[in-house]
Amino acid sequence: MIENLIVAFSGLMGILTILIILVRYQTNRITNIYLVIIFSIVSTRMLLIGAFNLENNDFITSLLDKYNNLLIVVIPCSYLYFLNLVKDRKMMDIDNVKHFIIPLLFNGIDFVLDKKYIDIMRSDFYYYTFFTLYTITYLALNFNLLNKNIWNRKGDIGIVVKQNQLIKKWSVFLFSMFVINAIRIIIVLYWEINNDNYSFGASFLWISGVFWLVLYFKIIISPEILYGFTYLNTAINEKKKGDKTTISFWNTNSNIVIANIQDKQLKAKIKDSISNYMELVDQFSFHNNYYRSMGFSKTDLSNKLNIPKSHLHYIFKYHSKISFSEYKKIVRIHDSLALISEGYLATNTFDSLAKEVGFKSYNTFFVSFKDFTGVTPHEYLIKLLKNKGAN
């Protein structure tokens with residue numbers, strides 16, 4: 001009884017998580033569609049099986065018998081979710097359709113066998129062998145993709161590094177979930193088939209239910225784990241559209257202990273102006289082109305904003321998660337993205353772009369650009385041109 005309640009509750013929590021993701025997807029676009037597909041299939045299956053075991057409903061049994069094999073779609077969707085996470089895509093790409101050919105054939109053959117159009121001896125054995133090999137193949141693809149593009153990702157901008165680490169932990173957690181659930185269902189299917197007790201792989205499903213519950217609660221409590229690598233650029237764009245909240249590299253309520261007497265006195269003097277200073281710095285930085293000057297300094301910023309340099313030094317020291325040097329890099333890379341979108345590279349080189357936005361060399365621009373966007377300048381341009389061509 002308790003096991004069935006866990007399974008049913010896991011299904012309900014999954015549906016709630018999907019609703020939360022979809023609402024935030026419309027506003028912040030923080031996840032991609034494949035995660036929604038995975039959660040939809042898993043949650044519906046959990047809810048049906050949990051309800052079936054609680055009520056012994058013949059209608060639900062019939063649904064499971066007809067549609068249980070749709071679970072195989074989760075396997076390629078797991079890979080496509082990670083692939084979209086790496087490439088910062090939110091929706092389906094036409095090239096991804098090929099990953100659904102085998103699941104469609106699998107379900108088509110199952111339909112033909114159910115209708116008795118053909119008869120294959122020991123079909124359960126062939127089903128099981130195929131499912132196991134197919135699952136292991138995609139788990140290997142997932143591991144290779146994550147290990148190459150996420151788990152060893154590096155950078156030199158502090159706040160971007162932290163986001164990379166956050167996504168690394170999230171992808172490790174989610175990949176582990178897929179592995180654990182794959183092992184469970186492979187073992188359970190083998191046991192059910194050999195004991196002539198096939199029940200849609202639902203035996204010991206409460207084990208998976210517990211793991212999925214942990215995953216759903218993790219997302220509900222910490223939805224920021226769903227942001228992709230370009231979350232900072234997205235936050236800046238939202239800011240430029242008029243969002244009054246501070247960008248995530250600012251910390252309004254700093255917990256840093258102030259030991260310096262002068263800084264303590266300055267804190268008492270400007271504490272009511274700190275949020276306004278952050279707003280002014282961001283508005284100036286992302287709405288002007290002064291950072292294109294290679295020598296643009298904190299003194300220059302102070303003069304432009306008519307804010308004492310000591311005040312700017314204070315907020316970057318105690319209320320910024322990044323240094324002023326890193327802040328300049330972020331502003332300049334964001335500027336370069338705008339220039340690329342406006343067609344700057346149609347008549348200019350990448351080296352010229354680097355100098356235009358304020359970098360001393362293309363190498364430093366290249367490193368910061370890839371750190372910020374997750375791709376090289378050339379890859380970003382190709383992606384942008386491809387998206388414009390599709391529209």
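Okay, let's start with a helix pair. Helix α6, residues 123–149, packs against helix α7, residues 158–194, at an angle of about 170°, and their axes are 11 Å apart. Angles over 145 degrees count as roughly antiparallel, so that is what α6 and α7 are to each other. The crossing of α6 past α7 is left-handed.

Before I go on: this is a predicted model, so please keep that in mind throughout.

Who actually meets whom here? On the α6 side we have D124, Y128, F131, T132, T135, L139, N142, F143 and L146. On the α7 side they meet S171, F175, F178, V179, A182, I185, I186, L189, Y190 and I193. Sorted by class, that contact has 14 nonpolar residues, 4 polar and 1 charged. If you look at the spacing along each helix, remember that an α-helix has 3.6 residues a turn, so residues three or four places apart point the same way.

Now, α7 has another partner I want to show you. Helix α4, residues 74–87, also packs with α7 at an angle of about 170°, this time with the axes 12 Å apart. So α4 and α7 come out as roughly antiparallel too. From α4, the contact uses S78, Y81, F82 and L85, and from α7 it uses I167, W170, S171, L174, F175 and F178. By class, we get 8 nonpolar and 2 polar residues, with no charged ones.

Let me zoom out for a second. The chain has 17 helices and 0 strands. Of its 391 residues, 47% are buried. For contacts with a separation of 6 or more, 73% are between residues 24 or more positions apart. And the chain exposes about 20600 Å², with carbon and sulfur atoms supplying 60% of it.

M13 sits in helix α1, residues 2–28. Is M13 buried or exposed? With a relative accessibility of 9%, M13 counts as buried, because the cut-off for buried is under 20%. What does it touch, leaving out residues up to four places away in sequence? M13 touches L213, Y216, F217 and I220. Also, the C-alpha atoms of M13 and L215 are separated by 9.9 Å, although these two are 202 residues apart along the chain.

Next, a couple of loop residues. S203 is in the loop between α7 and α8, which is 205–221. At 14% relative accessibility, S203 counts as buried. Setting aside residues up to four places away, it touches R184, V188, W191 and E192. S203 and L189 are 14 residues apart in sequence, and C-alpha to C-alpha they are 8.4 Å apart.

The other loop residue is N306, between α12 (298–305) and α13 (309–318). Its phi is near 60°, so we have a positive value in a residue other than glycine. N306 is exposed, with a relative accessible area of 71%.

Last stop, α13 itself. Which residues are buried there? They are H311, L312, Y314, I315, F316 and Y318. The cover over the buried residues of α13 includes α10 (261–270), α11 (274–285), α12 and α14 (324–341).

That's my tour, thanks.

Definitions and conventions
Residues numbered from 1 in each chain as written. Predicted model: local features only at pLDDT ≥ 70, side-chain atom pairs only at ≥ 80, totals over all residues. Heavy atoms only, no water. Helix = DSSP H or I, 4+ residues; strand = E, 2+ residues; numbered from the N terminus. Buried < 20%, exposed > 50% of the residue type's maximum accessible area, 1.4 Å probe, protein only. Contact = heavy atoms within 4.5 Å. Areas by Shrake-Rupley, 256 points an atom, 1.4 Å probe, with all protein chains shown as cover. Axes fitted to C-alpha atoms, helices over the stretch in contact; angles between N-to-C directions. Parallel < 35°, antiparallel > 145°, perpendicular 65-115°, else oblique. Left-handed = near helix turned anticlockwise from the far one by under 90°. Nonpolar A, V, L, I, M, F, W, Y, C, P; charged D, E, K, R; others polar.
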